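Please consult the sequence and structure shown below.

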Amino acid sequence: MLDEILGDVRKAADHLEEEIEQHAFYNNTSVKGVNSEAVPRVEEEEPNSKKNKAHSLSEEECLLNKKYTAHINGDVMIAGFFPLIYMELNHTDSKSKEKIFRQSYNFNNYQLVLALAFGVEEINKNPQLLPNTTLGFSTYAMGKRDNVLLKNLVVSLSGKNILVNYNCKRDGKTTVALTGPSGTISSECATLLDLYRFPQLNFGRFDPVLSDHRRFPAVYQVAPKDTALTLAMVALMVHFSWNWVGLVISEEESGLRMLPQLREEMSKHRICTAFEHLLPLQDSEHASLHRKIRNSFVKVIVIFGNNEFLIITIYYMGKYLTLGKVWVINAPSALISQMLRFLFHPFHAPLIFSHHHGQISGFNNFVKTVSPAKYPEDYYLAVLWIKYFKCTFSESSCVTWKNCPANASLEWLPRFLFEMDMLEESYNIYNAVYAVAHALHEMLIDQAEAQAVGNGRKLVFSSSQLHPFLKNTHFNNPAGDQVILDEPKKLVAEYDIVNFWNFPEGLRQVVKVGTFSPSECHGHQLSLSTDMIEWPIAFTETPQSICSESCGPGFRKSPQEGSPACCFDCIPCPEKEISNRTDMEQCVRCPDHQYANMEKTQCLLKSESFLDYQDPLGMALACLAVSLSTLTAAITGIFVKHHHTPIVKANNRALSYILLISLNCSFLCSLLAIGHPNTATCILQQTTFAVVFTVAVSSVLAKTLTVVLAFSAATSSWTRMRPWLVSGRPNFLIPLCTLIQLIVCGVWLGTSPPFLDTDAHSEHGHILILCNKGSASAFYCVLGFLGSLALASFTVAFLARNLPDTFNEAKLLTFSMLLFCSVWLTFLPVYHSTQGKTMVAVEVFSSLASSAGLLGCIFVPKCYIILFRPHRNSLPAIRGQTRSGRKKSSQ
């Protein structure tokens, strides 16, 4: 069965090769219907060339004799399969609608051949490594999914152009195959090479698919693991605060494995995806991808895939004018080969993650000195010299050259055609050559020791014997980097972040702008020189890729319904809450002793607030209280000085003195409410207020009753009223009412007395220092008792307002109590509608106003008569007024 399969493969490859050679070389025409699986030919880009036909045939014959390879002979051969050619659409036949392809060369990938040659020559010159054995190599060109790849593998295995049978003897010296950079190519080669357990080294990026040794037991990967690539990409997004990105991922196994890792890492840093596009290799999907990118507001797009995927994606996306996007790409090689018109290319100025590697000493000088004369068997070097340096073969020989510029060098070529700096794939090939050399060295030493004890036969080996030595290969290359082929022991890759600078076509520059080292501690893994980055032409500063603008301090994020977490609205923090950082999920409530500033960005320490003497309001009330107290003292002095006068004696002089003293105490009691309160002032403020006003109001009630009794004595039986007036029974109301109020206050103080309290919520920015009443019931009982006395006094005075009193004191008492009741009835609603020191000021003002009303209505008119109308303060005047009053009342 195996022979039949290999036979079919061989026949198909031979048939295809014959057809291509017939059309491409002898008829000098394009190939019809041929895709990228064609063998190399010289690209004809100068149809108007004036070269003679004989010379042209000689040139083609010389190229055909080179067998489309680069070759250096050795005792042990390495076969390299490199993507040096590709087929591109030339035109479509208008009649048959058949696509006509032409073959082109990717000379940037020719560096892979040079890296192989450089490594082989360096090892052959090293006496410490394979001292009695020389390495050689043969390279084979392949395009995307090359049909003749299997034929080349057959040739490299057998050493002859014959069908290889699994059981036949190998005559070839090829020991190892180098394949890549795509893991797909290596997996296709493995279908044949694994039959022979033929070692295969992949020189591309580490592919998790190839690490399945049950499927690919003979495949080794030279590159370090890419497990930190998602960390590196997300670290770059976090550095630039990009939280709204698009993902374009290859729809193959490596891309599908990487996508969940990238999602998880982005989720940890709250980075959202505007779209996720799994892209197959077919070009039909690229139009839909372009529409998705065009309709998205995303500024940053991450592309992940192998070289084959990246080349195709960049090629097709390059047909669309897509500006204002920053492309983050996981490998640089595809861009280097695709971006010819660099300045206006949609992928202009991308950020690329390239494997960090040491500098290989001597490689640049080696590349500069490469020429067809030095390597006459190198087919691709000959094509390059003919195409770009216009050289021709000598008519007598296919080895010598003529019409070449003096000292022609690959260094002369523009960067988009050939990259002088070592690519990461070239570095992997260099390491692969050394890995093969070290494995061979160890194997030959092992065999030599075994045969030294044996019969001394010639040292022979098969390629399958190399596997255990390749697996255990672990060494430092000449650049100092570790090379390990065994996957569990492999190191994690470090990355250089490179950027394509904005130079004109042909002079572009690949610039290293940063590094990512996963071995560093968290927070120091990414090192970036932002000022060195050249952004795409649509940006004049570092681009921002966000769904919603950041919510600054003083605002919080509010998620938009049905949108990702990165899309949100900004809502101001509510009262007493702040946010002091950007993009806070929730505002933070300030402690009770602090308050939020107007911008809601920080909590400030609240200041204490109370009715202070230094406040204008406190000072005004204190001055008013002192002034009224002074006035009361002055009136008391006037009454004492004129105590013998009829107007002082007329309405119970003792009651007048008691009322004046209580009013003076009420004025001074108001001062207890002004200033920083404490427990003592809180208790005294309430109890003195209750007792003093009880004395004052009960004194007014006693005076009113005295007037009523005096009138009754004058109009009724003197004998019956005399005991009431002589005994002074109305005066007993004062101690009785005071005793009742003292009992209420005692119960108040005994159950829930007033205490010092703070209020941090009522007034913005202040902590109110105030006296808490303790028991609200006791406080209203005190006010209720005072109100009852005031109402009784007002009622009695109102009923006695028309009595013919000499000095009309009944009317004065009526007006004073009307004013007193009005003040305290007004006090209640105003008191409960205010807070803080304003509430205390209302309480003080009500106390002063009611006391001042009693003082003004009762005593000021009498002082006026005493001081300014002394003639009315005499017995004749009193009697005259009394008679006239009685006549009026009798009439």
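Which residues in α15 meet which residues in α24? Ile635, Ile638 and Phe639 of α15 meet Lys862, Cys863, Ile866 and Leu867 of α24, where contact means heavy atoms within 4.5 Å. The model is predicted, so to speak of local features pLDDT of at least 70 is needed, side-chain atom pairs count only at pLDDT 80 or more, and totals for chains, interfaces and linings use all residues. Residues are numbered from 1 along each chain as its sequence is written, and side-chain values use heavy atoms, with hydrogens and water left out.

By class, the α15 contact with α24 has six nonpolar, no polar and one charged residues (Ala, Val, Leu, Ile, Met, Phe, Trp, Tyr, Cys and Pro count as nonpolar, Asp, Glu, Lys and Arg as charged, and the others, Gly among them, as polar). α15 passes α24 in a left-handed crossing.

| Helix pair | Crossing angle | Axes |
|---|---|---|
| α15 (616-641) and α24 (860-868) | about 55 degrees | 11 Å apart |
| α21 (776-799) and α22 (809-833) | roughly 150 degrees | within 8 Å |
| α23 and α24 | roughly 35 degrees | within 3 Å |

Axes are lines fitted to C-alpha atoms, for helices over the stretch in contact, and angles run from 0 to 180 degrees between N-to-C directions.

α21 and α22 are therefore roughly antiparallel to each other, a term for angles over 145 degrees. The contact of this pair includes Tyr780, Leu783 and Phe794 of α21 and Leu813, Met817 and His832 of α22.

Leu855, Gly856, Cys857 and Ile858 of α23 meet Val860, Pro861 and Lys862 of α24. This contact has five nonpolar, one polar and one charged residues.

**Cavities**

The count comes to six cavities of 30 Å³ or more. On a 1 Å grid over the protein atoms alone, a cavity is a set of points where a 1.4 Å probe fits but cannot get out, and lining residues have an atom within 4 Å of a point. The largest cavity has a volume of about 100 Å³, the volume being the space filled by probe spheres set on the points. Cys669, Ser670, Ala673, Gln685, Gln686, Phe689, Glu843, Val844 and Ser847 line the largest cavity. The elements giving two or more residues to this lining are α18 (679-715) and α23 (837-858). By class, the lining has four nonpolar, four polar and one charged residues.

Technical notes. Helix = DSSP H or I, 4+ residues; strand = E, 2+ residues; numbered from the N terminus. Parallel < 35°, antiparallel > 145°, perpendicular 65-115°, else oblique. 1 Å grid on protein atoms, 1.4 Å probe; cavity = no way out; pocket = protein on both sides within 12 Å on 5 of 7 lines; lining within 4 Å. Left-handed = near helix turned anticlockwise from the far one by under 90°.
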